[in-house]
Amino acid sequence: MRNGKEREISAEEIVPGDIIFLEEGDSLSADARLIDTFNMRVDYSAITGESQPIYKTSEAVPDGKEFLWIELPNMVFAGTTVTSGTGRAAVIATGM
C-alpha cells in the first residue's frame, strides 16, 4: 500500500514507509514492523538456523522486556518466509 492505495509492485520498488500485505508462502524482501496479524508464523531458518517457525504478533513489546533485535515478536526481516497466517507490516528498511 502506497499513498493509501493498494497495488502490486516488485520487491526492488519497496521503500521504507510502504505497507506490505503478508500471507502464507510470501518471502520477505524488507525488514518491517507488524501492524496487524492473524495466526502468523515465520520461518527464520535463513537467519538463525532455527527449524521451527516463530509465532509473530503485532502487539507492542512489553515495557521493560528486552529482546535481541532478531527475537522481537512484532518484527519480520528480509530473507524470511511466512509459513502460516496473514499480516500487514510497515517497511522500516530495505537492502541496498
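Two residues are said to be in contact when they have heavy atoms within 4.5 Å of each other. The views below all show a predicted model, and each legend stays with one part of it.

View 1. Treated in the same way, E13 is in contact with R2, R7 and D18. R7 is partly exposed, with a relative accessible area of 48%, and E13 also counts as partly exposed, at 40% relative accessibility. For a sense of position in the fold, the C-alpha atoms of R7 and G87 are 16 Å apart in space, although the two residues are 80 residues apart in sequence. The C-alpha atoms of E13 and T48, which are 35 residues apart along the chain, are separated by 27 Å.

**View 2. The largest pocket has R7 among the residues nearest its centre.** About 460 Å³ of space lies in this pocket, and its lining consists of 18 residues. Those nearest the centre are R7, I9, I14, I20 and F21. Strand β1 gives the most to the lining, with four residues.

**View 3. The largest nonpolar core of the model has 17 residues.** Within this core, the members that touch the most other members are I20, L22, L34, M40, V76 and A89. At least two core residues are supplied by each of the strands β1 (19–23), β2 (30–43), β4 (75–76) and β5 (81–94), and the largest share, five residues, comes from β2.

**View 4. D36 and R88 form a salt bridge.** Side chains of opposite charge can pair when their charged atoms come close. A search of the whole structure finds one salt bridge, and in the bridge between D36 and R88 the closest N and O atoms are 3.8 Å apart. D36 lies in strand β2 and R88 in strand β5, so the pair ties together parts that are 52 residues apart in sequence. D36 is partly exposed, with a relative accessible area of 37%, and R88 also counts as partly exposed, at 30% relative accessibility.

**View 5. T37 and N39 are two residues of strand β2.** The C-alpha atoms of T37 and T86 are 5.8 Å apart in space, whereas the two residues are 49 residues apart in sequence. T86 is also one of the residues that T37 contacts when neighbours within four places in sequence are left aside, the others being K56, T57, S58 and G87. N39 has a positive phi of about 50° although it is not a glycine. N39 is partly exposed, with a relative accessible area of 49%.

**View 6. Y44, W69 and F77 form one aromatic cluster.** A pair of aromatic rings is described by the distance of the centres and the angle of the planes. A search of the whole structure finds two aromatic pairs. In the pair of Y44 and F77, the ring centres are 6.1 Å apart and the planes stand at 80°, so the pair is edge-to-face. This pair links distant parts of the chain, with Y44 in the loop between β2 and α1 (45–48) and F77 in the loop between β4 and β5, 33 residues apart. In the pair of W69 and F77, the ring centres are 5.1 Å apart and the planes stand at 85°, so this pair is edge-to-face. F77 is buried, with a relative accessible area of 6%, whereas W69 is exposed, with a relative accessible area of 56%.

Technical notes
Residues numbered from 1 in each chain as written. Predicted model: local features only at pLDDT ≥ 70, side-chain atom pairs only at ≥ 80, totals over all residues. Heavy atoms only, no water. Core = buried A, V, L, I, M, F, W, Y, C linked by side-chain atoms within 4.5 Å. Buried < 20%, exposed > 50% of the residue type's maximum accessible area, 1.4 Å probe, protein only. Salt bridge = Lys/Arg side-chain N within 4 Å of Asp/Glu carboxyl O. Phe/Tyr/Trp six-rings, centres within 6.5 Å; stacked < 30°, edge-to-face > 60°. 1 Å grid on protein atoms, 1.4 Å probe; cavity = no way out; pocket = protein on both sides within 12 Å on 5 of 7 lines; lining within 4 Å. Points joined across faces, edges and corners; volume = space filled by probe spheres on them.
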